[in-house]
Amino acid sequence: MIGFIVKRFINYAILSAIATLSAYVLASLILNPAGRYLGRNPRPSDETINAILNGLGVNPNTPVVARLWTWLVNLVTHGSLGDTIHNTSVISEMAARAGTSLRLLILGTIIAAIFGVVLGVWGAVRQYKASDQVISYASFTILAMPSFVIGILLMIMATGLNNILGMQLISFTGEYTAGLDGGWWTLFLDRAAHLLLPTISLALMGAAGYSRYQRSAMLDVLSADYIRTARSKGRTRGSALVRHGVRVALIPMSTYFAYSFATVLAGAAVTELVFSWHGMGEMLVQAITESDINAFTGAILFNAILVLIAGTLSDVVYAALDPRVRV
Amino acid sequence: MTNSAPSLDSASPRLRTRPRHGDTPSNTSEHLLEVRDLRVTFPQPGGAVTAVRGVNYHVDKGEFLGIVGESGSGKSVSSLAVMGLLPSSAQISGDILFEGRSLLGRSDRELSKLRGEGISIIFQDPLSALTPVYTIGTQIAEALQLHDRNLSKLAANARAVELLKVVGIPNPERRAQAFPHEFSGGMRQRAMIAIAIANNPRLIIADEPTTALDVTIQAQILEVLQKAKDLTGAAVVLITHDLGVVAGNADRIAVMYAGRIVETGTVDEVFHAPSMPYTIGLLRSMPNLATAGHTRLVPLEGRPPMLSNLAPGCPFAPRCPIAIDACRTTEPPLTPISGKPLNASACLRVDEIASGKLNRTGIYPVPEPVALEERAEIVPESVLGVEGLVRHFPLTKGSVFKHTIGTVRAVDGISFDIRSGQTLGLVGESGCGKSTTIMEILELAKPQSGQIMVNGRDVAAMSTKERRALRRDIQVVFQDPMASLDPRLPVQDIVAEPLTVHGVPARERLQKVRDVLDLVGLDPSMASRYPHEFSGGQRQRIGIARALVTDPKIVVLDEPVSALDVSIQAGVINLLEDLQEKLGLSYLFVAHDLAVVRQIADNVAVMYLGRIVESGPAEDIFNDPQHPYTRALLSAVPVPDPSVERTRRRIILEGDLPSPTEDITGCNFRTRCPLYQLMDAAAQEQCRTADPERRIVKGSSVACHHAEHIGLMS
């Protein structure tokens, strides 16, 4: 079993490496880091621009393969991902931002998974009844909405709530209130208040997707013979569905979890921007707008590692849930 | 049947039950279970389907009731209604009394206290009836703890192990830790029985408990069921489509047709003096080990009615050869037969049948055999010869560096020979290599080892072109008539497809299709219809027509009737027999139903773990089997005759078919062989070390060292 997980992990690791290298090549071919300096007034001389670009290792005059090689050698020998356009190292930039993003992502994903499973099961058990219809239409609406719209709608609602209450109950700009003084508890509450809306925004999108999959997985299980067996032993319908049904219907969800994690990541990038969080998502978007090849590759590497962890985790969960795949 | 005031009917329109006061004398019942005028309707978009239309029966304490019926007769639905396990959309009326208390209209919570404790049920398919993610022990312990909150987990687990031991699971402590997928079908059904008897119920309902199992395993399970009944003193309701299964065990039986009970009585009454034409027809149409091979089967023409659109009158009237005009207007009630208090029949002409005025055997005309002038001339020559055929599958491990860790010996050196105009029956339990054998033959390629000769020519030496031409001569009919026909092609295209492959011109094709459809007893004008418009029996006829359209010499029949209802089987078997006579065909008939094989085969080969353990003329093998496996296999087949069943002794094989990956030294049957255990040490040594060669003993070719001592077994 452990051998199987290790093998899957190595597979994911190779895929992550390929994804990162392709991202580097793609970014090098498309982004034009020189453009940033050409528009300046006074325009720096070509020698200066070349020197800067060479220093960053992103000079378009050097062949892509040669640049990729240098980047790789630096990564392996110095553990460095290069410097950003702002002359900070990509690694330190990532270190500063990763915690912010992870807090949002982990909370958002867990809440999304729990709500998605509960709503999906509920919808399946009450198929075509009013509550199922409401859940279905609501999740379709959320799935159809771009993530920034959800973020802005949430902000409008929070502002309304704050106005009604006449106090700043929900804060939604940035990660924390700058310059706030107080003890550990005050700071914690402040961070939690800031975390609320972005987490809800992410969780809503995740839960909408999960609940659709969980609903169909549960519908397959509802008519299964073993549910009938459990009821014939003396379980009530509800208890049989929870103990025997949900447990089995969770198995395919662990696979979906790995695949959907990538979409949640993409959604998180936009959510961070909307709520002015300085996380990895913001770094990715900024890197593209500023034609920062090194920062872009760093952000992609971060995403790839997260997908790698999510994939391995889903394999472990699958094996934990389903005794039939344990070897 | 008393009828109390339907005062609550308007109050609860969904569940029109009799008022529920279990203490009023009009409603009490001295029976353990009494079902009164039960009706179950499923509302559907195209109109409601009434699956059960007024069923009355009762079961007394410790009694064994068999309910027999074909698929769609309402037998399972009525038992699920008793358990309260029907979908909530079902509309139920009538009354179900258990220990004098009405079960209808009770809440799920109330019923759940009774389920498993008072009434328990064993379902048909053991493969899907257990939750895949919990261990067997947990699932049994769960049943115990649900009804005894004070029982500790430890005590429940200990009791679960005990129960597994009772139902005959070897090594129960360890097996309780296993998951359902680690159990074979027979073992899962034993575990189901363990769950069912866990709380000492007063009534056990067994819904087709052996249908999905092999005949040797079926015998084991029926024995366990009987043991469970004796241990708990529970009454048993056994629901089945197989008359043979109930003949030996049941006290009384009820026969269901089109949602009603049409005949009920003691086993002897119903089997020996049936009084409803349907029962008579069902008994006569079943191939029976005792009579098969000598007489032609008597088919029950037509098909069961659609319950969504039932014509007035007796639902059996359209198939009944003695129906009179009155049968088509009024549906006869279940009326007791004079002089037999337990026997009742729903037929207008029951008095005539019971008194013998209408001769039971004369009701159904025996179909005429094929006339002599229509029979094909047969030159006796070998058309299909198989010599030392081997098919091993490597068992590999690892995805990057594949390496072989074992061999599945699916087919391990088998030889047989079929002569023109003859039928070879290939029998054995599932997993013995029957299907692999026919797939190897149909591939017409060089086998891993051994030789396949068609029409005296070795297929390995043929060119691609010759091989294609040869495919016209060897055709196949598959088991599942629904799955093997393309649902999107009209029947004429399905049947004509083999001709298209061989480049026959369109006009000729059409004519040929009409000819074969006529030959298999289908109206050629139906050729433009689609498969779903036909019944199961008709679809299998389409499958046979497709096989015959190329004028083959050999037809491979892979379980051709096992997916069909009992009353339909006989017609298809008769058709196959007639076609063989008319066209001079040779059949390779693969089946697990020994009675069907007895009916149709001239020669029989019995397979066990990829080997043929015994072969010879059907007559000899069925009357005097020389191999202990053949003997056990035959003794496991239930015979639909209660007096035969009661007197004969069953040889129950221990355990399951070993995995074909296992390396068993010497004789590969010795692990389950009942004869092996009777032999002395020297003889056992021979079984352990030497692989028995096939040799001729009393007319059949047997692979057993001690065939001469087979008499020890009886």
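**Two chains, their contact and their parts**

The contact takes 20 residues from chain A and 26 residues from chain B. Two residues count as in contact if their C-beta atoms, placed from the backbone, lie within 7 Å. This is a predicted model, in which local features need pLDDT of at least 70 and side-chain atom pairs count only at pLDDT 80 or more, while totals for chains, interfaces and linings use all residues. Residues are numbered from 1 along each chain as its sequence is written, and chains are lettered from A and ligands numbered from 1 in the order in which they are written.

Start with the side of chain A that touches chain B. Two elements give two or more residues to it: α9 (225–233) and α10 (237–274) of chain A. Helices (H or I, at least four residues) and strands (E, at least two) are DSSP runs, numbered from the N terminus. The largest share, eight residues, comes from α9(A). By class, this side of chain A has six nonpolar, five polar and nine charged residues. Ala, Val, Leu, Ile, Met, Phe, Trp, Tyr, Cys and Pro count as nonpolar, Asp, Glu, Lys and Arg as charged, and the others, Gly among them, as polar.

Stay in chain A for a pair of helices. The axes of α5 (residues 90–125) and α8 (residues 184–222) of chain A come within 5 Å and cross at roughly 35°. Axes are lines fitted to C-alpha atoms, for helices over the stretch in contact, and angles run from 0 to 180 degrees between N-to-C directions. α5(A) passes α8(A) in a right-handed crossing. A crossing is right-handed if the near helix is turned clockwise from the far one by less than a right angle, and left-handed if anticlockwise. The contact of α5(A) with α8(A) has 20 nonpolar, ten polar and two charged residues.

Now turn to chain B. It is divided into domain 1 (1–62 + 77–115), domain 2 (274–363) and domain 3 (378–473 + 552–714). These bounds come from an automatic or database domain assignment. The centres of domain 2 and domain 3 of chain B, taken over C-alpha atoms, are separated by 37 Å. Across their contact, 17 residues of domain 2 of chain B meet 19 residues of domain 3 of chain B. The domain 2 side divides into eleven nonpolar, four polar and two charged residues.

Chain B has an open sheet of four strands in the order β2-β1-β4-β5, with antiparallel pairing. Strands pair if DSSP finds at least two bridges between them. β2 (49–59) and β5 (101–102) of chain B stand at the edges, each with a single partner strand, so one side of each has no neighbour in the sheet. Two bridges join β4 (residues 91–98) of chain B to β5(B). In β5(B), B:Arg101 is the bridge partner of B:Phe98. Helix α1 (residues 75–83) of chain B packs on the sheet and touches β1 (33–42), β2 and β4 of chain B.

Another open sheet in chain B has four strands in the order β14-β13-β16-β17, paired antiparallel. Its edge strands are β14 (403–419) and β17 (457–458) of chain B. β13 (residues 382–397) and β16 (residues 449–454) of chain B pair over five bridges. B:Val386 has B:Ile452 in β16(B) as its bridge partner.

The axes of α4 (residues 153–166) and α6 (residues 185–197) of chain B come within 9 Å and cross at roughly 125°. The crossing is right-handed. B:Leu163, B:Leu164 and B:Val166 of α4(B) make the contact with B:Ala191, B:Ala194 and B:Ile197 of α6(B). By class, this contact has six nonpolar, no polar and no charged residues.
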